[in-house]
Amino acid sequence: MTPERRRRINRLKKMIVYTVLLMILLPVMGCIILGIKLHRANRSIETLEGQIAYLEKALQESIDAADRAEALLEINEGIWRGSEMEQETESLEETEIPEEMEEISGNDVMAEEGRKVYLTFDDGPSIYTEELLDILAEYDVKATFFVTGKDKEGYGDIYRRIVEEGHTLGMHSYSHEYSNIYASLDNFREDLEMLQDFLYEETGVVSRYYRFPGGSSNKVTSTDIHEMISYLNDANISYFDWNVSAGDATSISVSSEQIINRVMEQLPSRRVAVVLMHDAKEKRSTVDALPELIEKIQGMDDKTEILPVTEETMLIQHVTYEAETTD
Ligand code: ZN
């Protein structure tokens, strides 16, 4: 064997060894890398599972809260139907709807007294108010507009039209800025008086109806709502919340079908229904829903009527003044 041949053989041997080593090493490294990735993926899954569990819990809690709010509304409604005031403090803490109240809201009472539906529009005037008024006129239906103070937008005629066509002009704060009106009782009073004066100048009507922005049960106010309620009582102003919501308050747009369906789902169980809707530039679907909604309500039965809020209207309130003072 020549030295050169031996070298060649040695080189060949080395190549074979390296090749074999590589063939072993590569899959091993591949396995290690995959192993690490798998481990990481597992950890992400665990994190995600944790997040999902948390979200599910949060969702369940909000559903429960919504149920409790609904139950409170029902109970309040029951109380307004004429049960004794003593029940109030006690009942407000209950989440179950007492059986006899469900019965009251059923057909027995309907047969005797009929159903009163109050359509209410918050946040106007807007670019749609005239259209809403046209539709209401077409069906000869009177509603209630809880308006804000828009003095620079040239809505003077609209405020007047609301009054002239027999609708109720309610107040919904001048500025609608929660951070301002709910900062103190003084701010609240100042804002309200400004709106009341403004509406009087525009229409000659002193409005006696108020809807708290966010409702009297809003969680925004840093001032005790009962102080504001007490002020309203002294000023001879009734405030109205709602017990039927059209669901058009969210920033997510809802279709007119959804609005109609939501209202029509809630109406059968209400003898007195104050329906919350909105009159604002983003609320096209509320305008589109109105004609069919009116037709459906009028078609429920011949004892159902659509009315504007008046002094005779049963107060539908989420927070009541008496609830605090009887404590
Ligand atoms: Zn509002």
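This is a predicted model: local features need pLDDT of at least 70, side-chain atom pairs count only at pLDDT 80 or more; totals for chains, interfaces and linings use all residues.
Helix α5 is followed by Asp140, a residue whose phi is positive, near 55°. In α5, Thr129, Leu132, Leu133, Ile135 and Leu136 are buried. The zinc ion has Asp123, His172 and His176 as its protein donors.

**Helix α5 and the residue after it**

- The buried residues of α5 are Thr129, Leu132, Leu133, Ile135 and Leu136. They lie on the same side of the helix, because they cover an arc of only 160° around its axis.
- These buried residues of α5 pack against β1, β2 (144–147), α6 (156–164) and α11 (284–298).
- Asp140, which follows α5, is exposed because its relative accessible area of 59% is over the 50% cut-off.
- Asp140 also takes part in a salt bridge with Lys142, in which the closest N and O atoms are 3.8 Å apart. Lys142 counts as partly exposed, at 30% relative accessibility.

**Salt bridges**

- The count of salt bridges comes to 14.
- One of them joins the side chains of Glu130 and Arg161, at 4.0 Å from N to O. Glu130 lies in helix α5 and Arg161 in helix α6, so this pair ties together parts that are 31 residues apart in sequence.
- Because they are three residues apart in helix α6, Asp157 and Arg160 are separated by about one helical turn.
- Within this pair, Asp157 counts as exposed at 56% relative accessibility, and Arg160 counts as partly exposed at 29%.

- Along the sequence, the donor residues follow the spacing D-x48-H-x3-H. Asp123 and His172 link distant parts of the chain, being 49 residues apart.
- Asp123 sits in the loop between β1 (115–122) and α5 (129–138), while His172 sits in the loop between β3 (168–171) and α7 (178–181).
- Asp123 is buried, since its relative accessible area of 19% falls under the 20% cut-off.
- His172 likewise counts as buried, at 2% relative accessibility.

**A buried glutamine in a loop**

- Gln317 lies in the loop between β8 (304–306) and α12 (321–325).
- Gln317 is buried, with a relative accessible area of 7%.
- The side chain of Gln317 reaches the backbone oxygen of Tyr239 at 2.9 Å.

Definitions and conventions
Residues are numbered from 1 along each chain as its sequence is written. Side-chain values use heavy atoms; hydrogens and water are left out. Donors are N, O and S atoms within 2.8 Å of the metal (3.2 Å for Na, K and Ca); water is not among the atoms, so sites may look incomplete. Helices (H or I, at least four residues) and strands (E, at least two) are DSSP runs, numbered from the N terminus. Buried means under 20% relative accessible area, exposed over 50%, partly exposed in between (1.4 Å probe, protein chains only). A polar contact is a pair of N or O atoms within 3.5 Å; within protein, one must be able to donate a hydrogen and the other to accept it, and residues adjacent in sequence count only if both atoms are side-chain atoms. The arc is that of the directions from the helix axis to the C-beta atoms. Contact means heavy atoms within 4.5 Å.
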